[in-house]
Amino acid sequence: MADPVHGTLIDTTWPSLPLAEWQDTYETLHMWTQIVGKIRLTLAPKINHWWHSTLYVTPRGLTTSSIACGTRTFEISFNFLEHQLQIDTSDGTSRRIALVSRSVADFYQDVMGALRALGIDVHIWTMPQEVQEPIPFEQDDKHAVYDAEYAQRFWRILLQADRIMTAFRSRFIGKSSPVHFFWGSFDLAVTRFSGRLAPEHPGGVPNMADWVTREAYSHEVSSCGFWPGGGAVIEPVFYAYAYPTPEGFADYLIQPKEAFYNSQMGEFILPYEAVRQADNPDEVLQSFLQSTYEAAAHLGNWDRAALEGTPVL
């Protein structure tokens, strides 16, 4: 498909997403998703490991799913095909906000104003999480770029990652998270649980209370996902880690050959480009998800016979 903005041909299934090419859009969109995510976090009933705060991939973008507000429900969705933020309620009312280059402060005011107009009363903590040098949403005029093509490319990658990670999730009958998007860290993740309690997490995540992290990692996990990169990671990647990290985890033989252990992050990393350029991207990504899980489960002495049995249909 031709890119109408940049005049190049792109793969719409596994598009390229060079971090440097969309850094400003990435940072703006990160803050916009935090605003929407915090609305769900404020109103939704608490679910273990903060699963009530996440967003979900849809055929058009990302959504909060249904949020109860009194006897009414509403949903907020990013539509990356029509480039709109959509707010829809159970009584048939709705609002649309254009996704265009605009400051986080302006976006925040428009979202909150649209909710008030729909009779939805919600107040959120406006300080961003998990970022260096956070700026309160209502004061953030720094982040104000939205490149529609790159926002759509990011969503298209999430579509494929969600599809493959959902298939991976289906092969596990123990406790498992949904495949969901964490707006704090800006990544799509799915997590499997051994069923055992974990040692207390040390915390230390930027601009996030340690008690939040400790609740998220209260039980042993093997987690994997997709992240567009940031900081020392200068490209989009798939990742996998275990908490607690079992002895020998970093040296475990995993697949595919392009994957490696990043000691700084304490995670296995598979560059997105290795998946995108593979003859069979699905097979390459599935091998990474499965082999890194096996590293965590084998070295961590998980009860695999009980956790990987055949589901009852």
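Biologist: In which loop does Trp 50 lie?
Modeller: This is a predicted model, so read each value as computed. Trp 50 has a positive phi of about 70 degrees, although it is not a glycine. Its place is the loop between α1 and β1.

Biologist: Is Trp 50 buried or exposed?
Modeller: The cut-off for buried is under 20% relative accessible area. Trp 50 has 15% relative accessibility, so it counts as buried.

Biologist: What is the phi of His 49?
Modeller: His 49 lies in the loop between α1 and β1 (56-57). Most residues other than glycine have a negative phi. His 49 is not a glycine, yet its phi is positive. The value is near 65 degrees.

Biologist: What is the relative accessible area of His 49?
Modeller: Buried means under 20%. His 49 is buried, because its relative accessible area is 5%.

Biologist: At roughly what angle do the axes of α1 and α3 cross?
Modeller: Two packed helices are described by the angle and the distance between their axes. Here α1 covers residues 19-43, and its axis comes within 9 Å of that of α3. The range 65 to 115 degrees counts as roughly perpendicular. The two helices are therefore roughly perpendicular, with a crossing angle of roughly 75 degrees.

Biologist: Which residues in α3 meet α1?
Modeller: From α1 come Glu 21, Trp 22 and Leu 29. By class, the contact has 5 nonpolar, no polar and 1 charged residues. On the α3 side are Tyr 150, Ala 151 and Phe 154.

Biologist: Which residues does Ala 151 touch, leaving out those up to four places away in sequence?
Modeller: Ala 151 is found in helix α3. It is buried, with a relative accessible area of 0%. The residues it touches are Leu 29, Phe 80 and Tyr 146.

Biologist: How many Å apart in space are Ala 151 and Ala 250?
Modeller: In sequence, they are 99 residues apart. C-alpha to C-alpha, the distance in space is 34 Å.

Biologist: Which prolines are in contact with Phe 288, beyond its neighbours within four places in sequence?
Modeller: Its contacts include Phe 238, Tyr 239, Ala 240 and Ile 254. Others among them are Phe 268, Ile 269 and Leu 270. The list also holds a proline, Pro 256.

Biologist: What is the omega of the peptide bond that joins Gln 255 and Pro 256?
Modeller: Pro 256 is found in the loop between β10 and β11. Most peptide bonds are trans. The bond from Gln 255 to Pro 256 is cis, with omega about -5 degrees.

Biologist: Where is Pro 244 found?
Modeller: The peptide bond from Tyr 243 to Pro 244 is cis. Its omega is near -5 degrees. Pro 244 is in the loop between β10 (237-243) and β11 (260-262).

Biologist: Which side chain has a polar contact with that of Gln 86?
Modeller: Gln 86 is in strand β5, residues 84-89. It is buried, with a relative accessible area of 15%. Among the residues it touches are Glu 75, Arg 95 and Arg 96. The polar contact, at 2.8 Å, is with the side chain of Asn 79.

Key
Residues are numbered from 1 along each chain as its sequence is written. This is a predicted model: local features need pLDDT of at least 70, side-chain atom pairs count only at pLDDT 80 or more; totals for chains, interfaces and linings use all residues. Side-chain values use heavy atoms; hydrogens and water are left out. Contact means heavy atoms within 4.5 Å. Axes are lines fitted to C-alpha atoms, for helices over the stretch in contact, and angles run from 0 to 180 degrees between N-to-C directions. Helices (H or I, at least four residues) and strands (E, at least two) are DSSP runs, numbered from the N terminus. Angles under 35 degrees count as roughly parallel, over 145 as roughly antiparallel, 65 to 115 as roughly perpendicular and the rest as oblique. Ala, Val, Leu, Ile, Met, Phe, Trp, Tyr, Cys and Pro count as nonpolar, Asp, Glu, Lys and Arg as charged, and the others, Gly among them, as polar. Buried means under 20% relative accessible area, exposed over 50%, partly exposed in between (1.4 Å probe, protein chains only). A polar contact is a pair of N or O atoms within 3.5 Å; within protein, one must be able to donate a hydrogen and the other to accept it, and residues adjacent in sequence count only if both atoms are side-chain atoms.
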